[in-house]
Amino acid sequence: MKQIYLDNASTSFPKPESVPKAVFDFMTGIGANINRGTYESAYSAEETVFETREMLSELFNAGDCKNVVFTKNVTESINLLLKGFLKSGDHIICSSMEHNAVMRPLVQLNDYGVEFSRIPCDTEGNLNLDSLEGLIQPNTKAIIMMHASNVCGTIMPIEAVGEFCKSHNLSFFVDCAQTAGVIDIDMKKCHIDAICFTGHKSLLGPQGIGGIILTDELAEKLTPLTVGGTGSISHTEDTPTFMPDKFEAGTMNLPGIYGLNAGLKYINEIGISTIREHELFLTELFLEGLKKLNLQEEKIRIIGHTDIKDRTGVVSIQVIDQDQADVAYRLESEFSIMTRVGLHCAPNAHKTLNTYPEGTVRFSFGFFNTEDDVMASLSALESIIK
Ligand SMILES: Cc1ncc(COP(=O)(O)O)c(C=O)c1O
């Protein structure tokens with residue numbers, strides 16, 4: 001039976017062929033580190049890293065590409081950001097839908113005197129913008145939020161929140177793990193001071209590469225989390241104050257950057273709007289199919305928006321009166337359909353969506369999924385609910 005991968009919210013699979021090829025070509029043909037060697041292959045790697053920074057800063061309309069900092073994933077980017085920015089006595093606001101990549105650093109920082117508040121969201125994951133004003137305290141420094149939920153796909157109104165931050169003199173940080181490469185994000189238009197991304201989801205790169213893009217002002221203010229050798233100003237033991245070296249200590253993940261470079265080129269070639277259209281087409285087909293399965297009697301609860309307005313290709317469901325883990329197990333063992341079940345590293349999102357503690361079965365569509373994958377999922381669910 002054909003294997004159907006529907007766990008793209010976790011990591012995209014398959015990747016465009018050019019991605020593993022770029023990793024392989026780097027590892028077999030180049031191999032050198034950047035900022036250290038004075039030989040041709042090191043310069044060639046340096047050019048690719050620079051080109052990747054440029055593509056990323058263009059993707060997010062970020063301005064100067066020196067402010068693109070590579071990390072291993074969005075989790076590391078968020079840790080770098082929050083721990084370098086917040087001090088004891090500060091207050092920050094997040095949404096009630098955040099992933100643990102945001103919540104765990106905030107809970108940890110709470111032990112060091114940092115306070116946080118959550119913007120309430122409704123049971124479809126929609127942000128209550130009207131409550132923002134009331135959450136501001138004299139010590140509030142920033143708002144951090146995801147661009148789209150990894151549990152139900154609901155998109156957050158980052159443009160409106162960015163406006164709010166600007167008018168209240170707050171910094172604005174966005175976790176775009178679920179949207180980078182599928183939805184256009186304009187850092188300038190949305191007044192975003194730091195955007196945190198991961199390379200292995202819709203940016204189509206390999207695991208182990210991610211990053212953060214900072215504005216000049218924030219880059220100046222932020223204390224680096226990790227310091228060490230950068231290959232630059234080696235005559236001193238002081239950490240560079242210039243970008244990106246200020247935040248990029250240690251040997252970089254060059255195979256990862258080469259893979260990400262190829263992923264970004266693929267996205268540019270296809271076009272973000274084509275990728276988004278395809279994912280929404282599959283999502284709509286799936287949602288409409290689920291509604292048909294529910295015509296006689298509601299057997300499947302759709303979590304979040306039941307149409308494609310303000311959502312991504314992440315669809316969580318609960319099969320009523322069944323153990324969700326059993327449903328996911330049967331999807332895999334009987335129909336070769338790979339989904340994800342559980343709480344998806346976002347316990348408070350599930351409390352918000354009324355799906356805690358049982359969790360959901362999550363289908364997440366990617367660019368390489370087809371109409372047939374959707375139809376196979378619907379027919380598998382039809383058998384399961386019988
Ligand atoms: C919204 C969101 N933030 C953060 C993460 C963490 O991503 P990574 O494991 O690549 O750091 C994920 C991964 O699922 C996510 O969906």
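At 39% relative accessibility, D310 counts as partly exposed, a class that lies between buried (under 20% relative accessible area) and exposed (over 50%), with a 1.4 Å probe and protein chains only. The structure is a predicted model, in which local features need pLDDT of at least 70 and side-chain atom pairs count only at pLDDT 80 or more, whereas totals for chains, interfaces and linings use all residues. Residues are numbered from 1 along each chain as its sequence is written, and side-chain values use heavy atoms, with hydrogens and water left out.

D310 is located in the loop between β9 (300–303) and β10 (314–319); helices (H or I, at least four residues) and strands (E, at least two) are DSSP runs, numbered from the N terminus. Although D310 is not a glycine, its phi is positive, at about 50°. A positive phi, near 55°, is also found in S336, again a residue other than glycine. S336 belongs to the loop between α10 (324–335) and β11 (337–338) and counts as buried because its relative accessibility is 10%. Most residues other than glycine have a negative phi, and most peptide bonds are trans.

The bond from F13 to P14 has omega near 0°, and P14 lies in the loop between β1 (4–5) and α1 (18–30). The bond that joins M243 and P244 has an omega of about -5°, with P244 in the loop between α7 (216–221) and α8 (254–270).

F13 also takes part in an aromatic pair. Rings of Phe, Tyr and Trp (its six-membered ring) pair if their centres lie within 6.5 Å; planes under 30 degrees apart count as stacked, over 60 as edge-to-face and the rest as tilted. The count comes to nine aromatic pairs. The pair of Y5 and F13 is edge-to-face, because the ring centres are 5.6 Å apart and the planes stand at 75°. Y5 counts as buried, at 16% relative accessibility. Y266, F367 and F368 form one aromatic cluster.

R362, in strand β13 (residues 360–364), counts as buried at 1% relative accessibility. Its side chain reaches the backbone oxygen of N150 at 2.8 Å, a polar contact (a pair of N or O atoms within 3.5 Å; within protein, one must be able to donate a hydrogen and the other to accept it, and residues adjacent in sequence count only if both atoms are side-chain atoms).

At the ligand, a polar side-chain atom of T75 lies 2.5 Å from an oxygen atom of the ligand, and a polar side-chain atom of K201 likewise lies 2.5 Å from a ligand oxygen atom.
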